[in-house]
Structure formats: C-alpha cells, structure tokens
Amino acid sequence: MLKKIRQIAAATFFLLTTLLFLDFTGTLHVLFGWMAKIQFMPAVLAANAVIIAVLIIITLLFGRIYCSVICPLGIVQDGISHVAGKRKGKKNRFRFSPPKSWLRYGMMALFIIAIVAGISICVSALDPYAAYGRIASNFFSPLYRLGNNLLAFFAERLDSYTFYSTDVWMKGWITLGIAALTLLTVGILAWRNGRTYCNTVCPVGAFLGLISRFSVFKLKIDADKCTGCRLCERNCKSSCINLKEYKIDYSRCVGCFNCAGKCKFGAIKYLPLKPDKKKNKAVLENNSEGQSLRNALSLLGLFIFAKTVKAQQLHVDGGLAVIEDKKIPNRKTPLVPPGALGAKNMKARCTACQLCVSACPNGVLRPSDRLATLMQPEMSFERGYCRPECTECSQVCPAGAIKPITPAEKTAISTGFAVWIKENCVVNTDNVQCDACERHCPTGAIIHVEAESDNGASLKIPVVNKELCIGCGACEHLCPARPFSAIYIEGNVKHHTV
Amino acid sequence: MGNDNKKEISRRNFLKLTGVATAAALYGCKSENKVSAEGGAAGEVPADKMTYRINRNTGDRVSLLGYGCMRWPLKQKADGSGEEIDQETVNELVDYAIAHGVNYFDTAPVYVRGWSEAATGIALKRHPRDSFFVATKMSNQRGDFDLQSALNMYRHSLNELQVDYFDYYLLHTIGGGDDGIETFRKRFIYNGLLDFLLKEREDGRIRNLGWSFHGDVKVFDYVLAMDVKWDFCQIQLNYQDWQHADNVRNINAEYLYGELVKYNVPAIIMEPLLGGRLARVPAQAMSIMKEVHPADSPAQWAFRYAGTPDNVLTVLSGMVYMEHLQENIRTYAPLVPLNEQEYETLEKVTEILVDSDYIQCTECQYCMPCPYGIDIPGTFGHYNRCVSAGKILKSANDENYKKARREFLVGYDRSVPKLRQANHCIGCAICGTHCPQRINIPDEMRRIDLYVEQLKQKMDF
C-alpha cells in the first residue's frame, strides 16, 4: 500500500518534472513550474527558506521521502534498478553493505565548500536535480521535439495549425558530454547496486540522510515476527537493512517501502516509534515498482518511433542564395539573460539544470563552454534574438538565478551593448545601403550617419548609442554579414536600467 | 454611408463564408469534384474540342491555351545535392497537353534557373516538329547588352530546344530599366541585335518575331510604332489589369490591347491568373462568382475572360499540376465567351480585389535569388494566400484574432524558412529593378515584417 502510493506519487512527479524540460510552448510552466522550484538545490540557491524548511520537516517526519518521490534523478535510478532486477537470477540481488560515510560526507563537504567558494561547476555537477535536468534537456527534449515535428509534418499536410515544427539543435557538446557521463555513471551504479549513487555521491542525499536518522516515522523490523528469510535485505536498493542485527540504516533508507511490501510475515512496519530490538527475520518476494518505469518507457518508445521518421526538409523554392551559418563572436563578457542581474548572480545561483535553455523559444540560450560558468546559460544570437515579448527563462528558473521579470521591465534592462565592426559591415564589403540593425532596434539605440561626413551622397553606417542599448541582439541576429555579424553584443558584467 | 453599410454586409458575408474560402484555398491543389454541363471543373477532358485562333500572318492554328514553361516542377536530386527538373513529370504534362490539343509552348533562357529550355526541348523532341509551336526569348535584360553574348544566348536556345527554327521569338520584358526607351535601344538597337533577329526572320529561323511587355508605357508606344513589322506582342491581361492596373507597375490591359488591335498585332496573353492570385480570390469575390455559376472556379472565369477577345492568339498558363492542365483544357475546349452579365460580375469581383491589400506578386521568380537569401516570392505568396483566405487581421480586436494570428505565424514558418523571411531584408533594393510588376519589394517586406511583429508581440493595432 505504502509502496503503491510512493510509486504513483513518484511517477507523477517524474513525468511532470520531465515535461517541464520538454514543453517548448511555455504552457506547462504556468501549471507545474513549482515542481522545479521545490527541488532541494534550486531552493537552496534561491534562498527559499520556506521550501527548505518544508523539505526538512518532511524528512524529519517521514524520512528521505524526497529522494524517492521528488528527486527525478532518484526515480530514474529506481527505474533502471527495476529493469536490472527483472533479469533471471537477479530478483533478490541486493545485500547489506556498511555505509561509506567518509565518501558521502566527503562529497557533501566538498559540495558545501564549492558553494561557499563559488566553484559553480562543482555545484552544478553534483546537484542531482540539475544532473537530471541536463539528461532530460540533452536526450529527452530532442526526441520530444522530433516527435512534435513529426506531428507538425502531418498537421501541415492536413492543413491544421495545431502543431508547429521547432528547431532541434546541438546546444553544447560539453554539456551533452557531461550529461552522458552522468547518465552512464548513475545508470551503471543503479543497474548493479540500486541507490548507491544517492548514498555515496549525492550531497543532497547525504544531507537529508543526516536528518532522516531522527525522523519520526521509520521502518521497523519486528524481531518477533521475523523469520530471518532476508527477503527484505535482498530487496533493499539502498543496501541499508542489516538483518543480522535487525537494524536499518535510516540515513541511507530512502523510504521506498519495498521491504515492507516484501515481508510475508508483516515483520516490517512503518511506525512512529522507536524500533524494538528482538529476533526476527523478514521475507521478501520480487519488487514491482513499475509505475514510473512503465510510464517512462512508453514515453521513450514514442520518442524512438518518432525518431525513425525524419523531420521534413527544406521547401522547394526557385533559386535561393546559400545562407552561411553565423558563428559565435568572441564575447569578452558572457551574456546572461535579463532578470539574471549580472554574471555574479548567475554564477552564484545557477545549478545548470538547463530548464531555461530548454524553455527558450528563440534559440538564444545555450550552456556555457567557459570553465568558470560551465553549463550555466549564456545568450548568443545565431538562431534568434532575445525577443521583446518573451520572458520564459525568467519565469521557469527555480534557483533565482534568473529573477522573474515582465516584458515591460525587460525593455529597460540592459544586459549588454552593441559593438559595430566596420570591416564586416555590408555597407563596406558589398557597397550597398543596409539599415537592418537600425530598423530592428527596439530602443532606437542605433542610427545611421553618412560614412563620409563631407560627402552627402555617401552610404550610411550605423552608430550605437550605448546608453539606450539593452543588448537584445536583434541587430546582431538580423545583420546580413556572415559568418560574423558586423554588429554584435558585448555583455554587461552587471545589468543596469536604461 | 451606403458604402459603409455595404462593407458591413460584406464583412459578415465573409465571416459566414469561411467555408468557401477554404475551398478557394484548397483550389490551388485540387480540382473540385463537381460536374456541370459547360466547363465544370471535373469530368471528361475533351481531346478534340480545343478552341484555336488563326495567326493572320502565318496562318498558324494556335490553341487558345498556351503552355507557359516557367514553372516546371522540380524535385530533389537523388544524391541530395540540390534540385533538378522533374523531367518525367514534364514529359507527362507535355504529352497530355499535346494529346488534348495544346500546341503552343512558351519558354525563355532564364526560366526555372535556366533549366526550362532544355526540359521543354526534351519533352517536345518526342513529338513531330509540326505538331507544336515553340516560343522562346532574348533575355538579355541583365548584363552588358553586348551582341556576342546575345548571339550566344540565341544559339544556345536553338540547342537547348533541339530545333532548327523558332516558331515564335520574343524580345523579353520590354519596358524595364530606369529609362525604358534608352534601355530598349541599348539592348536591341545600338548593338545591332534587332537587325540580326530581323535577318533571322527573313532566313526562316524565326517564323514570328515579337516582344513581351512589362512596365513603362512610353516604351510600349515607342516599340509598337517602330518601323518594324511585329508578328505578335505578349502582354499581361486579366480582368483586374484591364482597367485597374495601377499604371505605375502595370498598364491597363484595355489600353495595351486596344493599341495592338489598332496596329493589327495579335496579342499573346500572360498572367491571366496573376500568378494564381485570381484562382484564390477572397471569399466575398468567390461568393459573387458562385452565385452566377456555382460549378465554375475562379480560374475558369479568369481564363474565359482572357480568351474572349478576338485578337488574342493564345493565353499562357504556367501549369505545374495535371489538375490545372485538365481544368484549363476544359475551359477552352471549347471557349464559351463571356457575356455582358458575366463581364459585370467580374467588374464587381475586381472592385473587391482592388480594395484588398494584395501584394501584386505573380511569383515569377525574376527577383530571385536575393543576394541576402530572402525568399521574396515565398514571403509574398504566404501573405497573399492569407489575404485570399480573409485571414489578414485589420486590428487586434478582430473576432478571429487568436486563430488568424496562429495560422499566419505557423503558416509563415512553414512556407518560408526563418532566415529567408521578411525581417532579414536589408532594404538594399537590388531586387527592385528585376520585378516586372514593379513592386517596391523592400517596402512590402517592411510592411509584412511590421505585421509579423504586431502578431508576435501581441501588440494592439
């Protein structure tokens, strides 16, 4: 019963959290955006005392329910472990192992030092929610989008506007690599030993483990009823049941209730009492925590099906000039989106979960390649620009790295300023008049002046009024110069109001 | 006041008739599944009822439906390296056309990225030389106007079309350039090119010599009055351009046609459908037409209009799909000339068309390729299709705002890749001189971009 409740809750949380990373229309965030905000690390970075307090109280009451129900990385491991357990001869494959306290508390100490010292790469690499976010945005989201594009392909043929196709593109190799590495590590550990990752590496797990030792409700082995069959121990993903001594290591128990479900003698109970130490054993059968897994798998199946059908290619047109891809200019100061306040706030609060990157509808945000801010979001304008009506990233950020702003506020936040590169400008290279940058500037920060002041008939070149520029990148994106735009945005270290 | 009321009513009609509009939008791809006694869209395609006009100069018996070869279908190359002509389909279309009495084929060296002549030549080679008339052009409007490259173009056309004489040969797009008359002289007089072509006519390698006209009416008058016997002249004629050409980019066909009659020069008609726009008329216009002939499509009306005047030798249509070909053959097999009442109906339709904010683009591709990659005809085409379907919003408070907004934006991305849309136009105006309809392309691009921004930003307008 408890196990069923846990499974259903976990499946729901997992699916909805994952969908946050998949939805590119901005509709789900309105309803379920809070699911990212109750994740532990984002709440810590956002300094959201209420959520942290609630999570601690829940843990104090019920143990590490968080790890079993809310943490998406934990649920992924349960799924993998469940599949591994379906293999022949692997049904009751776990056994008790002593805690590796030096490792888990070492990791936690390292993590805390990293937060304090501002080594954001360490923080984002270890935060379980961010780790899952990267997996979702790098692996699930492209598949989801390809599936959507397939539907859009058919919708177009049916003259329906229900689905529209969306770009699928490589946002950052390093982040993809780290996500793959994380998935591989977590996957192998879960396949072989269940929740090993949560009890050796994960700093959130270690922290909650410290609290859950003292939780009110605990699983207890009734030594009188226990027959010593060890089924419970053999089914404990956390390897935390020491049946010889009728003990459960509550710092490692994630409250999955598999043991209670397995025991044929009712020897394991979830009770708000001190455990009675008597002799007994526990009995187990095979676990069946399949809900989240089955859902995840059916979703995966859908993605794989979608991938087999290729998204539609270019339309047939009459003779089009080739458009060279734009290249990313070398910005001295990285551009962070409006609402981020500046590089410092971003670096301190972002866990690199990629939620904003997944949500950006304009192809502007992508994970950073710079070591200091690795995997944290950065803006660039090869595929689009930071459009005036859009504040998606600021709405979805669970960690307070990008504060919520309104489109009206956005018009006055200067994230950077435009720089003109004379040599690239088509006025000089092609000898044609072009006013693309001026025409698309939302704040009127660009005007055109005669290239040669004494010659009235000369072509006009753009000049930038930095005081008005908000760094939206419209000029950079729409500049016809390729591969490098003739006007590009240099970031402001600290955002300011124009 | 009365006028206001009328508008009110037509707007209501137009909302009611969205269904008809959809039919109109679909019309471009499919023939309707209706049969009527005369000229229905579906049903038998007669093989022996084509209306023919006699060329007074040569006695040629020319089919009233002429095949325009500027829109041949393309396909992806097998190795994925780009596009090529879908020759198999071209052959099928040509065979079908000839089997059903079409015998006039009009191409040019610049059509379909320069591939049209060869494709047309291959398809026609499979038929006896005396079973068709082939027309091509001297397309020296771009470049330095020197004689040698013109002669190369001329000979290249003979090779590509695999013929040893041209039935019809045209000086292509007369009337262009900033100073039209001077441009004409540069292209044909100073370099001796016209003398060469007249000599070719004497020698029988050109059976009929004429010219196609776009643009400055002074040039039209000048060339027509020259001391040269013109065997024919190709003009843009359709019910909208008859009296409602804006006389900047296009001249009233009423005038042009009248002059040709005066000079006894047979007329060949191009753009009878305005690049398909007259086949996709707005719902109000559609309903007026359907009241008179429920089974007839707007395209049929337009073709009957273009074919009715006696001095018209043939009406060109760039047919891409078999269905278009079949429908047009039906319309002219035989032609039922328009009567007074029908003329009046089209007069009303024209009023609606002139009032709506179409961009006068016929998607002829002359402006392409844009050096900055914009898909100009694609962008205009999308906009015009939305005009036809009555889905351009007048204000953000329109009843159908949400739906029309989504359809415009989603449809835009579907029709035109993002990097080729109007917002990427830099306003260099290099395209300006190429457009035979004299559209101010950068201005129209701005207009569309502004509209798109209004929708994207959900502005009040």
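**Figure 1. Surroundings of B:Ala302.** B:Ala302 touches B:Asn238, B:Tyr239, B:Pro272, B:Leu273, B:Leu278 and B:Ala279, leaving aside residues up to four places away in sequence. Two residues are in contact if their C-beta atoms, placed from the backbone, lie within 7 Å. The model is predicted: local features need pLDDT of at least 70 and side-chain atom pairs count only at pLDDT 80 or more, while totals for chains, interfaces and linings use all residues. Residues are numbered from 1 along each chain as its sequence is written, and chains are lettered from A and ligands numbered from 1 in the order in which they are written.

**Figure 2. The largest nonpolar core.** This core has 241 residues, and those with the most contacts inside it are A:Tyr66, A:Leu355, A:Cys356, A:Cys475, B:Ile269 and B:Ala302. H10(A) gives the most to the core, with 8 residues. A nonpolar core is a set of buried Ala, Val, Leu, Ile, Met, Phe, Trp, Tyr and Cys residues joined through C-beta atoms within 7 Å. A residue is buried if 20 or more other C-beta atoms lie within 10 Å of its own, exposed if 12 or fewer, and partly exposed in between.

**Figure 3. Helices H7 and H10 of chain A.** The axes of H7 (residues 72–85) and H10 (residues 128–157) of chain A come within 7 Å and cross at roughly 65 degrees. H7(A) is therefore roughly perpendicular to H10(A), a term for angles of 65 to 115 degrees. Axes are lines fitted to C-alpha atoms over the stretch in contact, with angles from 0 to 180 degrees between N-to-C directions. Helices are DSSP runs (H or I, at least four residues), numbered from the N terminus. A:Pro72, A:Leu73, A:Gly74 and A:Val76 in H7(A) meet A:Pro128, A:Tyr129, A:Ala131 and A:Tyr132 in H10(A).

**Figure 4. The two domains of chain B.** An automatic or database domain assignment gives domain 1 (36–355) and domain 2 (358–456) of chain B. Their C-alpha centres lie 26 Å apart. The contact takes 16 residues from domain 1 of chain B and 15 residues from domain 2 of chain B.

**Figure 5. The contact of chain B with chain A.** Here 31 residues of chain B are in contact with 24 residues of chain A. Helix H15 (376–388) and helix H16 (401–415) of chain B are the elements that give two or more residues to the chain B side. H16(B) provides the largest share of that side, 6 residues.

Methods:
Parallel < 35°, antiparallel > 145°, perpendicular 65-115°, else oblique.
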